Amino acid sequence: MDIYFYNTLTKTKEKFIPINQEEVTMYSCGPTVYKDATIGNMRTNIMNDLIRRVLKYNGYKLKHAMNITDVGHLVSDGDEGEDKMVKSSKEMHKTPTEIAEYYTKLFFQDLEKLNIETPEIVCKATAHIQEMINYVQKLVDNGYAYVTSTAVYFDVSKLDEYGILSGIKLDEQKAGARVDVDEEKRNPYDFALWIKAPENHIMKWESPWGLSYPGWHIECSAMGQKYLGEVFDIHTGGIDLIPTHHENEIAQSKGACGKIPARYWIHGEFMLINGGKMSKSLNNAYLVKDLEEKGYDPLTYRLFTYSSSYRTKINFTWEAMEANQKALEKLRQGYKSNLEGNDNIEDEEISKYEDKFHKAINDDFNMPLAMSVVWDVIKNQKKSKKLAELLLKFDTVLALKIDKPFAQKESDIPNEVIELAEKRKAARKEKNWQESDRLRDEIANKGYVIKDSKEGYELAKK
Ligand code: AMP
Ligand code: ZN
């Protein structure tokens with residue numbers, strides 16, 4: 001079945017045709033390991049994992065590289081401010097290596113909790129200094145870079161076009177562009193490839209331009225090319241990377257080999273909180289461990305992200321976590337009751353579900369639609385091992401550990417009561433008030449009260 005997804009480069013939904021049918025090559029911009037990764041960052045990582053899993057569901061093998069930025073990402077996404085690693089190391093009185101190791105470890109622990117697969121290649125910037133120097137040298141040799149007293153800059157005016165991902169128009173921007181910090185820069189959009197280190201700078205390497213350190217964008221070009229070649233299939237990242245980091249990666253690659261490094265560019269939208277940005281300074285940047293401390297299975301958060309397309313913003317709320325925790329338990333209960341079921345299900349019915357699910361995931365990773373198929377399977381009155389098997393197959397994409405035994409708390413509501421509540425919900429939808437009342441009484445006889453709510457109903461012990 002064909003796969004379609006939205007390509008930021010062409011601004012259309014396109015059919016995916018890999019360079020090599022045998023193996024899809026993919027690059028994801030990974031974390032800057034100077035602080036904890038938030039659940040916002042994790043939304044982007046879940047998206048990356050979903051892409052991987054959908055490709056695998058379609059039979060592809062993967063060669064996926066993700067970088068770890070442990071040098072070069074300045075406090076602004078441009079060329080201003082201190083290196084984030086250096087700043088963090090000063091604040092925490094640790095070496096940049098200690099900081100990087102500490103946060104890299106935490107990052108991978110979070111990935112594991114969210115059932116996110118580790119890419120085939122994980123590459124850190126500081127382990128590729130020579131590759132980066134070679135890349136910058138090539139840009140200088142090709143006439144795309146120039147050296148000033150502070151840095152080696154990429155000259156964007158040398159490109160036939162700059163800004164193809166974000167649609168920046170250089171001519172329009174020039175007049176209004178802010179005053180640049182470095183007067184030696186030729187064009188406002190020129191960016192630093194390599195930065196000469198001040199005397200007391202702690203992260204620096206010998207290079208043709210003296211003791212210095214890389215700019216942020218060069219690592220992805222150098223490592224992408226090293227592991228995946230000059231042109232690979234898919235490049236992913238958060239939406240904030242489009243206007244600077246990814247534009248600059250494209251510029252570098254065009255300067256080095258005349259090619260755009262990836263054919264398909266996939267960008268994930270942000271996770272909001274209270275309708276705005278999630279940030280440490282606003283004290284609203286939650287971490288995976290905060291979810292756990294409040295008693296949520298981290299996969300509840302993963303399920304929550306499936307309520308929207310990866311291309312739309314979602315607003316994080318604890319109410320949503322509560323609802324998704326219940327939904328996750330229901331999914332796992334549904335799997336279990338099918339595993340224990342012996343009803344007869346026609347193969348044709350299974351194929352119909354499978355086809356709908358497959359179409360949904362192949363249509364720009366439409367998870368809300370895919371989840372509606374999963375719920376249809378769960379709600380099937382018949383319970384069968386075939387349906388349990390189907391759910392397990394779907395779970396290779398969902399990664400919700402649907403077969404994980406759910407925690408049986410004393411307060412857990414028995415399945416039979418939930419089933420009665422579901423039947424009552426259906427009766428109410430059909431305006432069959434008599435049946436609805438009868439079911440309420442039956443629920444009451446089992447020791448529970450049912451209240452109608454916006455989401456449907458709430459059950460509580462009498
Ligand atoms: P940062 O550590 O803030 O530089 O974020 C690393 C990457 O995670 C960013 O470049 C984004 O692509 C992604 N990211 C950050 N915050 C969010 C968010 N709230 N929702 C989704 N992705 C995010
Ligand atoms: Zn990158």
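The expected span of a helix is 1.5 Å times one less than its number of residues. This is a predicted model, in which local features need pLDDT of at least 70 and side-chain atom pairs count only at pLDDT 80 or more, while totals for chains, interfaces and linings use all residues. Residues are numbered from 1 along each chain as its sequence is written, chains are lettered from A and ligands numbered from 1 in the order in which they are written, and side-chain values use heavy atoms, with hydrogens and water left out.

Q: How far apart are the end C-alpha atoms of helix 7?
A: Helices (H or I, at least four residues) and strands (E, at least two) are DSSP runs, numbered from the N terminus. Helix 7 has 16 residues, so at 1.5 Å a residue it should span 22 Å. The distance between its end C-alpha atoms agrees with that: 21 Å.

Q: How many residues of helix 7 are buried?
A: Let's set the scale: buried means under 20% relative accessible area, exposed over 50%, and partly exposed in between (1.4 Å probe, protein chains only). Helix 7 is largely enclosed by the rest of the structure, because its buried residues number 13 of the 16.

Q: Which residues coordinate the zinc ion (ligand 2)?
A: Donors are N, O and S atoms within 2.8 Å of the metal (3.2 Å for Na, K and Ca); water is not among the atoms, so sites may look incomplete. Here the distances are 2.0 to 2.2 Å, and the donors are two SG atoms and one NE2 atom. They belong to Cys29, Cys220 and His245.

Q: How many residues apart in sequence are the parts tied together by cysteine 29 and histidine 245?
A: Cysteine 29 sits in the loop between strand 3 (23–28) and helix 1 (39–57), while histidine 245 belongs to helix 7 (residues 242–257). Both of these residues are buried. The pair therefore ties together parts whose separation in sequence is 216 residues.

Q: How many disulfides does the count come to?
A: A disulfide is a pair of cysteine sulfur atoms within 2.5 Å. Take cysteine 257: the closest cysteine sulfur, in cysteine 220, is 15 Å away, too far for a bond. By this rule the count of disulfides is zero.

Q: Which residue is 9.7 Å from tyrosine 306, C-alpha to C-alpha?
A: Tyrosine 306 is in the loop between helix 9 (298–305) and strand 13 (314–316), and it is buried at a relative accessible area of 2%. Contact means heavy atoms within 4.5 Å; leaving aside neighbours within four places in sequence, the contacts of tyrosine 306 include Leu50, Met367 and Leu400. The residue asked for is 260 residues away in sequence: isoleucine 46.

Q: Which residue follows helix 14 with a positive phi?
A: Helix 14 (residues 415–429) has buried residues including Val417, Leu420 and Arg424. Among the elements covering them are helix 10 (318–339) and helix 15 (433–445). After helix 14, the phi near 60° belongs to lysine 431.
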